[in-house]
Amino acid sequence: FNAQPRDDYITHACQWIQGFKETCIVFLDPDTGLEPQRDPGPQHVLKGEVNRIWQQLRPGDVFVLYQHQTNRAGRPWIEPKRRQLEEALGVAPDFLRTARGPDIAPDVAFYYAQKPQPVTKEGRTL
């Protein structure tokens, strides 16, 4: 797939986030979710793309990512994909929360977090 239109789209989204004056929720809804470990396609959001968007959020903004089930073989997918996203965002393990409705859509998860206040070396928030 052609990466240039995607890069332009992410750049535009980041500019929009920077110009927004209110607290916002950024909801990423790629066709299937975060890129797989191998062979990402246009239906995925790339790790670098989610990181670029996360970096633009201000403290208090909320980030949400739609994730479709990554396999049909019954292997665990929710926690491994959450850990992969935390790594892509550069946040601590268990920072993201997971929302699900298994009775309605057992093959879907939403990962979300509120951007924290920056912390000084002394442990104080800025």
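Student: What ground rules apply here?

Tutor: The model is predicted, so local features need pLDDT of at least 70, side-chain atom pairs count only at pLDDT 80 or more, and totals for chains, interfaces and linings use all residues. Residues are numbered from 1 along each chain as its sequence is written, and side-chain values use heavy atoms, with hydrogens and water left out.

Student: How many helices and strands does the chain have, and in what order do they run?

Tutor: Helices (H or I, at least four residues) and strands (E, at least two) are DSSP runs, numbered from the N terminus. The chain has 3 helices and 6 strands. From the N terminus the order is α-β-β-β-α-β-α-β-β.

Student: What do the overall dimensions say?

Tutor: The radius of gyration is taken over C-alpha atoms, and the globule rule is 2.2 Å times the number of residues to the power 0.38. For 126 residues, a compact globule would have a value near 14 Å; the chain has 15 Å, which agrees. Its C-alpha atoms fill a box of roughly 45 × 35 × 25 Å along the principal axes.

Student: Which residues have the most contacts inside the largest nonpolar core?

Tutor: In soluble globular proteins, nonpolar side chains tend to be buried together. A nonpolar core is a set of buried Ala, Val, Leu, Ile, Met, Phe, Trp, Tyr and Cys residues joined through side-chain atoms within 4.5 Å. Buried means under 20% relative accessible area, exposed over 50%, partly exposed in between (1.4 Å probe, protein chains only). The largest core here has 24 residues, and V50, I53, F63, L85 and L89 have the most contacts inside it. Its largest share, 4 residues, comes from α3.

Student: What does L89 touch beyond its sequence neighbours?

Tutor: Contact means heavy atoms within 4.5 Å. Leaving aside neighbours within four places in sequence, L89 contacts V50, N51, W54, Q55, F63 and L96.

Student: Which side chains of β1 are buried?

Tutor: Side chains alternate along β1.

Student: How does β1 run relative to β4, parallel or antiparallel?

Tutor: Two strands pair if DSSP finds at least two bridges between them. Here 4 bridges join β1 to β4, and the strands run parallel. I25 stands opposite V62 in β4.
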